[in-house]
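Here is a friendly briefing to read alongside the model. Please keep the sequence and the 3D view open as you go through the points.

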Amino acid sequence: MFREQRFINDDWTFAYGEHPRAEGEPPSPDWYDVGLPHSFDLPDFREQRFYVGHGCYRRTVDVDETWLGRWIALEFLGVFQVAEVFVNGRFVDRHEGGYTPFTVDISDAVVEGPNDVFVRVNNLWNPRLAPRAGDYSFNGGIYRDVSLIVADRVRIDWYGIGVTTPEVSRERATVAASVEIVNDEPRPVRVNVAAVVADPSRTVASLAPVNRMIPARSRAVIELEGAVGHPLLWHPDQPHRYKLTASVSVDGVARDSQTTHFGFRWFEFTADRGFFLNGEHLDLHGANVHQNRGGWGEAGTRAGIRRDIALVKSMGMNMIRGSHYPHHPYFAEECDRQGVLFWSELHFWGMGGENIEGFWFASAYPVDEADEPEFEESLRRALREMIRTHRNHPSIVTWSIGNEAFFSADLVVDKAKALTVELVALAKELDPTRPVAVGGAQRKGFDVLGDIAGYNGDGAELFIDPGIPSVVSEYHGVRGRGPGEYEVEWEHGVEVDYPWRSGKLFWCAFHYKSIADGAGLQGLIDYFRVPRRPYHWYRERLLGIAPPKFPEPGEAVALRLRSDVREIPTDGTGDAQLWVELVDVHGERVADDRPVRLTVLEGEGIFPSGPSITLGPETDSMNDGAAAIELRSYAPGRQRIRATADGLEPAEITLVAVGPPRPPRLRKLAPPAPYVTEPPVGQGDTSLVAYRPVAVSSALPRHEGGNATLTGSGTYWRAASREPGEWLKALLEFPYEITRIEVVFAEPPTQPWTVETSKDGRNFDELHCAGADGESPAVYLDFPSRTASAVRLSFPQRPIDVEEIRVY
């Protein structure tokens with residue numbers, strides 16, 4: 001039996017640009033040295049704009065003579081978003097889609113000895129490739145791990161073991177394993193496929209072997225069955241995992257073996273009683289998580305993933321929504337291990353706003369009919385890849401089709417709904433064991449298209465007891481830079497724990513980078529993974545842990561430097577999270593936000609900016625006198641790091657990078673991206689508040705505030721009382737430069753009213769004050785450009801019914 005798999009994250013070179021025909025030319029000494037995971041935009045300090053274009057990667061892969069004649073492949077766990085792969089100047093494959101793993105078969109392209117691997121990547125906006133829009137950044141690069149795999153011509157296919165547990169109780173559980181066998185031989189072979197199940201200490205079941213003849217150059221799925229007595233159930237409080245090892249042999253000779261982990265549990269989302277796990281009610285309370293992070297952007301390591309999940313769990317939360325794309329397979333594995341339920345999501349993604357083609361502000365579904373077939377197929381392909389690579393994880397309790405796809409142009413929204421229905425059906429075909437959710441489904445009837453409705457924002461109050469299983473898939477409570485306020489202000493009634501609602505998911509766990517100006521600052525934890533004050537509010541609310549004493553303004557007298565680990569693996573899967581704090585004479589942290597510089601004095605450790613990095617207020621990387629950043633090394637040896645700040649004695653720490661020996665060498669480090677592509681700017685004809693959330697002082701049933709941003713619906717908002725002081729606030733969600741507001745009342749206004757705008761959604765400035773002598777129900781206000789993220793109508797005497805508010 002022969003199988004080898006190893007990471008090849010080190011020793012890559014990189015250059016910005018397309019470099020036509022470079023794959024057939026000798027490597028250039030002008031390229032830069034990089035390690036994977038890697039992003040086009042390093043260092044990443046949450047700048048709104050980012051490099052859009054091409055980047056090329058190159059590496060030598062040594063092939064042993066004994067490998068020839070076997071299956072040799074490169075495994076990419078994530079490349080954003082189009083990758084063309086060449087080996088020894090020969091094109092071997094192309095993959096489109098930025099969030100799902102894939103393999104490239106290089107068996108026939110390699111030779112014994114060194115082989116040149118060349119990967120051309122682009123992150124160009126593509127009208128035919130999902131996502132077409134999103135409140136996020138779309139940095140390019142090989143931003144997840146790459147591995148080299150060598151296996152037999154008769155083998156278990158890549159992610160070829162699917163495990164289900166058809167019957168589970170506390171007394172007995174059945175196991176069904178689907179094992180996909182590949183026969184690359186030029187002749188038929190009779191295979192024997194078997195599997196065993198083990199807990200951490202022993203084998204607990206053997207699945208009866210199956211013999212099958214497989215024709216030449218074909219594949220077959222072999223079904224195995226078995227049972228385990230008194231299984232240890234998977235639960236967030238006790239995340240027990242089992243290991244299934246499948247093997248294939250021919251004529252008594254083992255040819256391949258692979259292992260996967262799984263868990264025993266059963267669960268149910270109900271329309272009237274909430275969520276149940278292993279027969280017991282469990283209130284879901286979690287957070288949305290984006291993958292990008294301070295300094296390194298999308299290119300986080302597995303160690304970073306572990307820390308992220310641990311931070312969410314440390315708040316007492318039990319679920320993560322993988323917003324809004326398939327996450328690294330290791331993310332689900334770590335949810336399994338730490339005991340966090342996982343909502344795994346596809347990237348059928350809308351954003352709203354201007355709906356301008358050419359950048360990620362566009363309609364979620366294509367507006368050009370010629371773009372439809374390829375766009376739809378890109379989502380089908382990604383859904384298949386997501387489910388295949390994630391299907392065995394017990395933490396995953398739903399596949400979600402996307403987020404706010406209702407932000408499709410009105411002329412194609414019916415096609416967007418039809419595609420959603422098709423993707424729901426495909427997910428259930430690929431995995432009949434899990435329900436399928438539609439995330440961000442609070443407009444245009446998307447909520448009834450799947451098994452579970454995810455309501456964002458004001459959907460929490462628009463859909464009271466909707467008669468279908470549901471969760472609040474996003475609710476807000478904080479915004480801004482720095483440490484933030486301690487208490488979280490919940491909106492739209494999410495503080496009420498209705499028995500029919502399965503749970504709620506906060507937006508969001510961490511600050512993130514976004515193409516939308518002013519967005520991405522709703523995290524309980526900052527971009528660099530330093531907890532903010534509302535993080536501690538959740539710990540107190542959900543776990544009963546009292547908050548620490550928060551730092552007070554003061555002048556530091558010393559620096560304190562620490563690391564979460566002492567050893568760093570050199571294969572690109574790990575790092576050290578370094579914390580630097582400014583402290584007073586008592587060793588207490590103080591809110592002294594002077595910049596701190598970290599420098600590697602010894603060793604080949606690197607920050608996202610190279611051997612040194614400065615953290616401070618200018619880059620939003622200092623929070624209440626503390627900053628954090630991740631250090632990597634792709635070469636073994638001692639790593640000595642010094643922290644310095646004006647007026648303070650330096651602090652030092654020494655770590656060790658652990659890995660195979662290699663001679664030290666000078667690295668040519670890549671500079672920041674040479675340019676950015678600005679998004680197209682235009683006067684869109686779509687209202688910036690169309691279908692967006694609305695907050696109100698009160699509302700009568702069936703006359704909720706959300707009616708006022710439904711385009712041409714004929715419905716309206718009516719306050720629950722006729723008393724003075726009622727108001728309606730339409731949220732743009734991001735700051736825009738606005739020049740026109742249109743208000744349509746149900747009848748000509750006979751009461752005074754005002755229009756106010758706000759940059760931050762909280763502090764408002766008056767724009768217009770009207771009397772009680774309106775002649776028309778429609779009012780049009782044009783004014784000099786002003787920045788606004790919210791528009792509020794206020795009624796100082798008696799509220800007026802509002803049919804629609806539009807902002808441009």
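Predicted model: local features only at pLDDT ≥ 70, side-chain atom pairs only at ≥ 80, totals over all residues.

Residues are numbered from 1 along each chain as its sequence is written, and side-chain values use heavy atoms, with hydrogens and water left out.

**Aromatic pairs**

- A search of the whole structure finds 47 aromatic pairs; rings of Phe, Tyr and Trp (its six-membered ring) pair if their centres lie within 6.5 Å, and planes under 30 degrees apart count as stacked, over 60 as edge-to-face and the rest as tilted.
- One of these is the tilted pair of Phe 50 and Trp 360, with 6.0 Å centre to centre and 40° between the planes.
- Phe 50 sits in the loop between strand E3 (32–34) and strand E4 (54–63), and Trp 360 in the loop between strand E27 (341–349) and helix H3 (372–390), so the pair ties together parts that are 310 residues apart in sequence. Helices (H or I, at least four residues) and strands (E, at least two) are DSSP runs, numbered from the N terminus.
- Both Phe 50 and Trp 360 are buried; buried means under 20% relative accessible area, exposed over 50%, and partly exposed in between (1.4 Å probe, protein chains only).
- Phe 86 and Phe 91 make an edge-to-face pair, because their ring centres are 5.6 Å apart and their planes stand at 65°.
- Within that pair, Phe 86 counts as buried at 8% relative accessibility, whereas Phe 91 counts as partly exposed at 46%.
- Ring pairs also link a cluster whose members include Phe 50, Phe 80, Tyr 99, Trp 349 and Trp 360.

**Helix H2**

- Helix H2 (residues 329–338) is largely enclosed by the rest of the structure, because eight of its 10 residues are buried.
- Among the buried residues of H2 are Tyr 330, Phe 331 and Cys 335, and also the charged residues Glu 334 and Asp 336.
- Gly 339 follows H2 and has a positive phi, near 85°.

**Cis peptide bonds**

- Leu 36 and Pro 37 are joined by a cis peptide bond with omega of about -5°, and Pro 37 is placed in the loop between E3 and E4.
- Another cis peptide bond runs from Ser 323 to His 324, with omega near -20°; His 324 is found in the loop between strand E26 (319–322) and H2.

- Arg 46 is not a glycine, yet its phi is positive at about 70°. The loop between E3 and E4 holds Arg 46, and this residue is buried, with a relative accessible area of 15%.
- Asp 465 is a residue other than glycine with a positive phi, near 50°. Its place is the loop between helix H5 (459–462) and E31, where Asp 465 is partly exposed, with a relative accessible area of 44%.

**A negative patch**

- Glu 485, Glu 487, Glu 489 and Glu 491 form a negative surface patch; patches are made of residues with over 30% relative accessible area and no salt bridge, with like charges joined within 9 Å and nonpolar side chains (Val, Leu, Ile, Met, Phe, Trp, Tyr) within 5 Å. A salt bridge is a side-chain nitrogen of Lys or Arg within 4 Å of a carboxyl oxygen of Asp or Glu.
- Glu 489 lies in the loop between strand E31 (470–475) and strand E32 (503–506), and Glu 489 is exposed, with a relative accessible area of 52%.

Conventions
Areas by Shrake-Rupley, 256 points an atom, 1.4 Å probe, with all protein chains shown as cover. Charge placed at Lys NZ, Arg CZ, Asp CG, Glu CD.
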